[in-house]
Amino acid sequence: MKAEDLMNGDWVMLFGQVTEVWMVDASHEDEEGRPIDQLINYLEASEFEPIPLTPEILEKNSFLKVEAIEYPSHSVGISFLYRDTPEGLRIFVQNACVGEPTCTMIKTCKYVHEVQHMIKMCDIERTFVL
């Protein structure tokens with residue numbers, strides 16, 4: 001994995017065990033500006049693996065399976081939807097408040113940390129469980 005693809009709070013695998021990221025350092029560069037010595041939790045980033053996303057993980061985190069995701073939705077509140085497509089799991093995250101701008105994201109995801117980023121980008125406070 002690349003440290004630059006992660007943020008604090010992401011779930012990843014380390015030596016076959018699920019672990020939470022609490023420190024990311026992707027700031028080191030060589031003479032040509034390429035990142036080197038990327039660290040996650042003070043260990044080399046290459047030691048970590050992403051956690052594959054499954055429908056079971058999504059459902060455990062209150063995502064509802066749908067046949068189609070329409071964009072944009074005009075609902076109020078937080079929506080977590082997913083659709084199984086040939087390309088992968090299509091994720092819909094929305095945070096819509098009355099009288100305030102909404103955040104709506106749709107993306108095909110392969111890994112748990114990608115969904116965690118969508119939730120965070122929509123300013124939703126949520127603990128993702130595995």
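So, the disulfide: the torsion about the S-S bond of C103 and C122 is about -65 degrees, so this disulfide is left-handed. The sulfurs of C103 and C122 sit 2.2 Å apart, and the cut-off for calling a disulfide is a pair of cysteine sulfur atoms within 2.5 Å. Searching the whole structure turns up one disulfide. C103 is in strand β10 and C122 in the segment after α2, so the bond ties together parts 19 residues apart in sequence. C122 has a relative accessibility of 2%, so we call it buried. For the cut-offs, buried is under 20% relative accessible area, exposed is over 50%, and partly exposed is in between, with a 1.4 Å probe and protein chains only.

Quick word on what you're looking at. This is a predicted model, where local features need pLDDT of at least 70, side-chain atom pairs count only at pLDDT 80 or more, and totals for chains, interfaces and linings use all residues. Residues are numbered from 1 along each chain as its sequence is written, and side-chain values use heavy atoms, with hydrogens and water left out.

Okay, the overall layout. The chain has two helices and 10 strands, and from the N terminus the order is β-β-β-β-β-β-α-β-β-β-β-α. Those are DSSP runs numbered from the N terminus: helices are H or I with at least four residues, strands are E with at least two. Of the 130 residues in the chain, 38% are buried. The chain exposes about 8100 Å², with carbon and sulfur atoms supplying 50% of that; the areas are Shrake-Rupley with a 1.4 Å probe, and for residues only the protein chains shown count as cover. Take contacts between residues at least 6 apart in sequence: 42% of them join residues at least 24 apart. Contact here means heavy atoms within 4.5 Å.

Now, helix α2. How many of the 10 residues of α2 are buried? Eight of them, so α2 is largely enclosed by the rest of the structure. The buried ones are V112, H113, E114, V115, Q116, H117, M118 and I119. They pack against β1 (11–14), β6 (48–50), α1, β8, β9 and β10. Leaving out residues up to four places away in sequence, Q116 touches M7, G9, D10, W11 and F128. And just after α2, D123 has a positive phi of about 55 degrees.

On to the cores. In soluble globular proteins, nonpolar side chains tend to be buried together. The rule for a nonpolar core is a set of buried Ala, Val, Leu, Ile, Met, Phe, Trp, Tyr and Cys residues joined through side-chain atoms within 4.5 Å. The largest one has 19 residues, and L53, L58, F63, I91, V93, V115 and I119 touch the most other members. Elements giving two or more residues to this core are α1, β8, β9 (88–96), β10 (103–109) and α2, and α2 gives the most, with four residues. If you pick I91 and skip neighbours within four places in sequence, its contacts include L53, L58, F63, V115 and M118. There's also a second, separate core of eight residues, with L6, L14, I40 and A45 among them.

Aromatics next. Rings of Phe, Tyr and Trp (its six-membered ring) pair if their centres lie within 6.5 Å; planes under 30 degrees apart are stacked, over 60 edge-to-face, and the rest tilted. That gives two aromatic pairs. For W22 and Y42, the ring centres are 5.5 Å apart and the planes are at 55 degrees, so the pair is tilted. W22 is in the loop between β2 and β3, Y42 in the loop between β4 and β5, 20 residues apart. Y42, at 60% relative accessibility, counts as exposed. The other pair is F63 and F80, also tilted, at 4.9 Å centre to centre and 40 degrees between planes. F63 and F80 are both buried.

Last stop, R83, over in strand β8. Is R83 buried or partly exposed? At 33% relative accessibility, R83 is partly exposed. Its side chain reaches the backbone oxygen of E67 at 2.7 Å. Beyond neighbours within four places in sequence, R83 contacts V66, E67, A68, I69, G88, L89 and R90.

Terms used. A polar contact is a pair of N or O atoms within 3.5 Å; within protein, one must be able to donate a hydrogen and the other to accept it, and residues adjacent in sequence count only if both atoms are side-chain atoms.
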